[in-house]
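Visitor: I would like a close look at a single part of this model. Please take one residue and its surroundings.

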Amino acid sequence: MNIKDKKIVIVDMETSGLYCGDETKNSASILYVDATKIDDGCIESSYFSFVACEEQLSSAITTLTGIDNQTLMGAPTCKTVLQQLKDFTEGYTVYARGPA
């Protein structure tokens, strides 16, 4: 794929665990969202937000992500951030980045 001719958004998210949104397991929460718009091969704009988290983060998650409970204080809700992300990505093909 040649991204030079594409309008894409690359999205990265960090969570508090492995099973985000799966209520049958120890469900995780989204901690931050980072997205970058690329149009004609050039970075057009970026979006970044931490996400409020109702649970206390474990020391393992803080060590892995560098995000702690203090960092998330005052952050917008997940619903707000996902709506902003939806608005940001409108009209673009979305690619998500995941762990290798």
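Visitor: Which residues does Val-51 touch, not counting residues up to four places away in sequence?

Guide: This is a predicted model, in which local features need pLDDT of at least 70 and side-chain atom pairs count only at pLDDT 80 or more, while totals for chains, interfaces and linings use all residues. Residues are numbered from 1 along each chain as its sequence is written, and side-chain values use heavy atoms, with hydrogens and water left out.

With residues up to four places away in sequence set aside, Val-51 touches Ile-30, Leu-31, Tyr-32, Val-33, Leu-72, Ala-75, Pro-76, Thr-77, Cys-78 and Val-81; contact means heavy atoms within 4.5 Å. A second, separate core of seven residues includes Leu-31 and Tyr-32, along with Ile-61 and Ile-67. A nonpolar core is a set of buried Ala, Val, Leu, Ile, Met, Phe, Trp, Tyr and Cys residues joined through side-chain atoms within 4.5 Å. Val-51 itself belongs to the largest such core, which has 11 residues, among them Ile-30, Val-33 and Val-81. Helices (H or I, at least four residues) and strands (E, at least two) are DSSP runs, numbered from the N terminus.

Ser-49 lies in strand E5 (residues 42-50). Ser-49 counts as buried because its relative accessibility is 9%, where buried means under 20% relative accessible area (1.4 Å probe, protein chains only). Beyond its neighbours within four places in sequence, Ser-49 is in contact with Leu-31, Tyr-32, Val-33, Pro-76 and Val-81.

Definitions and conventions
Buried means under 20% relative accessible area, exposed over 50%, partly exposed in between (1.4 Å probe, protein chains only).
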